[in-house]
Amino acid sequence: MRAVRIHEYGPPDVLQVEDVPAPRPGPDQVLISVEAIGVGFAQTQMRRDIFAAPMWQPSFPIVLGGDLIGVVAEVGARVTGIAVGDRVGAYTLHGAYAEQAVVNADTLLPVPSGLDAAQATVLPSSGPIAAGTIGTAPLAQGESVLVHAASGGIGHISVQLARLAGAGLVIATAGGPEKAAFVEGLGADVVVDYTSADWADQVRAATDGRGVDVILDSVGGETLRRGIGLLAPFGRLVFYGSAQGGREIPLISPMELIGLRKVTGFALSAWRNARPAQYLADHEALVENLRSGGVRHHIHTILPLADVAEAHKIIESRAHRGRIVLTV
């Protein structure tokens, strides 16, 4: 089968399409024939070895992970409730950039047969992360929310789910007028250009100086530090990514939180394990919203697996809106 492997960390050109033996599932795993793969910013960090998550400890050669949609081709000996031919989605740290992938059976989500594969790539991680961060805050009816990186694969879903959750004011950060118009079209009330030196002042002004109730931060670095200062009394910042800081996660002093502010972290695996019923309910709601048009999953471009390096270049240029998808 074809798979995209890297043998060293580096620029997008280290991604090489190679012929490799097909993987076999273990007792608690399934083999998936892949239809589509969602490519995120995290995979570009993995490729450069600056991904901040402690569970990222691969050895070469590496097949990068991501969101995948496909059909079950084989099930492990201990797997129950899943059959060959089932259409499923999964997120995996390793092995997604390939014609076939092995994943743990307990991480699978059902994917309706009528849902387009590229559209369905929102289901394994970006949609659940958007829903989970809002639930972790939690965002209450009428509260204000600031969504960072709002034109990206997760951010543009977060804007829509925040609106559906009853946010009274949705503020978004995005770079440039084209992305601002895109995010406004998804329901943001105020869009601030994060490249402006006074972006934080603009956010504060949008709340009439009160501050924001909830911040969803996938950027980290100095953006996180400034975000703490933007929180209203009893405001909550949910940190779930480090696009700006990479492995440089800023230290937070308790003195920064004495204004009745809270900072918490979010990981999809932790949310799934701690709130399994809510995780499944979020999935079902997202499927229905995709079907009804209540949530729009914007696909910036669809590329064949062989063009994976181009997909990474687009993401790193930060020129895209929504999701980049590879098809197999």
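## Basis of the model

This is a predicted model, in which local features need pLDDT of at least 70 and side-chain atom pairs count only at pLDDT 80 or more, while totals for chains, interfaces and linings use all residues. Numbering starts from 1 along each chain as its sequence is written, and side-chain values use heavy atoms, with hydrogens and water left out.

Helices (H or I, at least four residues) and strands (E, at least two) are DSSP runs, numbered from the N terminus.

## Helices α6 and α7

Helix α6 covers residues 199-206 and helix α7 residues 221-230; they pack at an angle of about 25 degrees, with their axes 10 Å apart. Axes here are lines fitted to C-alpha atoms, for helices over the stretch in contact, and angles run from 0 to 180 degrees between N-to-C directions. The crossing of α6 and α7 is right-handed; a crossing has this hand if the near helix is turned clockwise from the far one by less than a right angle, and is left-handed if anticlockwise.

On the α6 side, Trp-199, Ala-200, Val-203 and Arg-204 meet Thr-223, Arg-226, Gly-229 and Leu-230 of α7, where contact means heavy atoms within 4.5 Å. The residues of this contact divide into 4 nonpolar, 2 polar and 2 charged. In these classes Ala, Val, Leu, Ile, Met, Phe, Trp, Tyr, Cys and Pro count as nonpolar, Asp, Glu, Lys and Arg as charged, and the others, Gly among them, as polar.

## Two further helix pairs

Helix α1 (residues 41-48) and helix α10 (residues 308-317) have axes that come within 9 Å and cross at roughly 105 degrees. α1 is therefore roughly perpendicular to α10. Phe-41, Gln-43, Thr-44, Arg-47 and Arg-48 of α1 make the contact with His-312, Ile-315 and Glu-316 of α10. By class, the residues of the contact are 2 nonpolar, 3 polar and 3 charged.

The axes of helix α3 (residues 126-136) and helix α4 (residues 155-164) come within 9 Å, crossing at roughly 45 degrees. This makes α3 oblique to α4, and α3 passes α4 in a right-handed crossing. Gly-127, Ala-130, Ala-131 and Ile-134 of α3 touch Ile-157, Ser-158, Leu-161 and Ala-162 of α4. The residues of this contact comprise 6 nonpolar, 2 polar and no charged.

## The second largest pocket

The second largest pocket has a volume of about 190 Å³. A pocket is an open set of points on a 1 Å grid over the protein atoms alone, where a 1.4 Å probe fits, with protein on both sides within 12 Å along at least five of seven lines; lining residues have an atom within 4 Å of a point. Grid points are joined across faces, edges and corners, and the volume is the space filled by probe spheres set on the points.

The lining has 13 residues, of which Met-1, Pro-23, Val-63, Gly-95 and Gln-100 lie nearest the centre of the pocket. β1 (2-5) and β6 (100-104) each supply at least two lining residues, and β6 gives the most, with 3 residues. The lining divides into 9 nonpolar, 3 polar and 1 charged.

## Backbone details in loops

The peptide bond between Phe-60 and Pro-61 is cis, with omega about -5 degrees. Pro-61 lies in the loop between α1 and β4 (64-75). In the loop between α1 and β4 is also Asp-49, a residue other than glycine with a positive phi, near 65 degrees.

Another cis peptide bond runs from Ala-137 to Pro-138, with omega near -25 degrees. Pro-138 is in the loop between α3 and β8 (144-147).

Notes. Angles under 35 degrees count as roughly parallel, over 145 as roughly antiparallel, 65 to 115 as roughly perpendicular and the rest as oblique.
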